[in-house]
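Please examine the sequence and the three-dimensional model shown below before reading on. The report is meant to be read beside them.

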Amino acid sequence: MEARELFMLTDRNQKLFDARKYHEIRRESHSGFENSFVMKAYIYAGSLRFHVMSERDLTREQVDYSHLFLCNTMCQQCVSKAYLWYGQTEGFSTELIDRFQERGLPYRFFEYAISPADMQKTKHIIHPLIAKPYQKKMLADCIALLESAYTPELDQPGTFEEDKKRISGLFRNSDTMVFFLENILIGLYCCNQGELEYLAIKKTAQGSGHGKRIVSRMMDDMLKKSIPEIHLCTKTSNETAIHLYEKMGFYRLCENSRTEIYVNEVKS
């Protein structure tokens, strides 16, 4: 094998294994390998999940090994469905995903990050928006804002209403700011220990520069809190958000994907 694989099956309640951790593990564990990749498996929220992170396209041997490994692990855990996160820091190939004849539609996204040094280089934007810390009484309006911002283009209508309980807890336990223009709620950000969970602009207020203003305010807030880095994910088809983040100084870590995979029988 050209690469070294790391495998861990544990119960965990932490952030998904992302590109930043990949670079850290590669430096510590197998620097010097050509086209190295890391594979992890874990159980979260009662479901088996895999994450495979590579520098470039996997070789045929690596794809064969990974596919068999994933299938055998699913059988060992007596599950027919699992979730596969697959990402590359250079380019993107669907060959491993395509090995699963039974699979859901992949959700593809980019990972971005920005350091405090780069945040400080970004010009502060003065804006007329009024920022207020999130309060529980704002939940209904914030859910309506998320529905307006993301559906139907990026998510199914009703997605945020169905997930209201989890979102409520996330808003309360994160740095969440809501923004008003002339007493009308038009945007919010929710940043959880440097992980940007939500950045939303009301659909009727989009295209007016409010995204830049809110991101600018968020970076100022995170600098004051000495957050070491802001990390985020955005759908590969969301060209407006991609343009915004890159213009504000975020750099792309990798392209990633999430796919439901199914297996009925494995033949070694």
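## Basis of the model

This is a predicted model, in which local features need pLDDT of at least 70 and side-chain atom pairs count only at pLDDT 80 or more, whereas totals for chains, interfaces and linings use all residues. Residues are numbered from 1 along each chain as its sequence is written, and side-chain values use heavy atoms, with hydrogens and water left out.

## Helix α8

Helices (H or I, at least four residues) and strands (E, at least two) are DSSP runs numbered from the N terminus. Helix α8, residues 210-224, has 15 residues and reaches 21 Å from its first C-alpha to its last, close to the 21 Å expected at 1.5 Å a residue, where the expected span is 1.5 Å times one less than the number of residues. Its buried residues are H210, G211, I214, V215, S216, M218, M219, D221 and M222; buried means under 20% relative accessible area, exposed over 50%, and partly exposed in between (1.4 Å probe, protein chains only). After α8 comes S226, whose phi is positive, near 60°.

## Nonpolar cores

A nonpolar core is a set of buried Ala, Val, Leu, Ile, Met, Phe, Trp, Tyr and Cys residues joined through side-chain atoms within 4.5 Å. The largest one holds 28 residues, of which Y189, V215, I230 and F250 touch the most other members. At least two of its residues come from each of several elements, including β4 (107-114), β9 (230-235) and α9 (239-247), and the largest share, five residues, is supplied by α8.

With contact taken as heavy atoms within 4.5 Å, and residues up to four places away in sequence not counted, F250 touches Y112, A113, I114, V215, M218, M219, I230, L232 and Y245. Another core, of 21 residues, lies apart from the largest one and has L58, L70, C71 and V263 among its members.

## Aromatic rings

Rings of Phe, Tyr and Trp (its six-membered ring) pair if their centres lie within 6.5 Å, and planes under 30 degrees apart count as stacked, over 60 as edge-to-face and the rest as tilted. A search of the whole structure finds twelve aromatic pairs. One of them, Y65 with F69, is stacked, at 6.1 Å centre to centre and 15° between the planes; both residues lie in helix α2 (residues 60-76), four residues apart, about one turn of the helix. Y65 counts as partly exposed because its relative accessibility is 35%, whereas F69 is buried because its relative accessible area is 18%.
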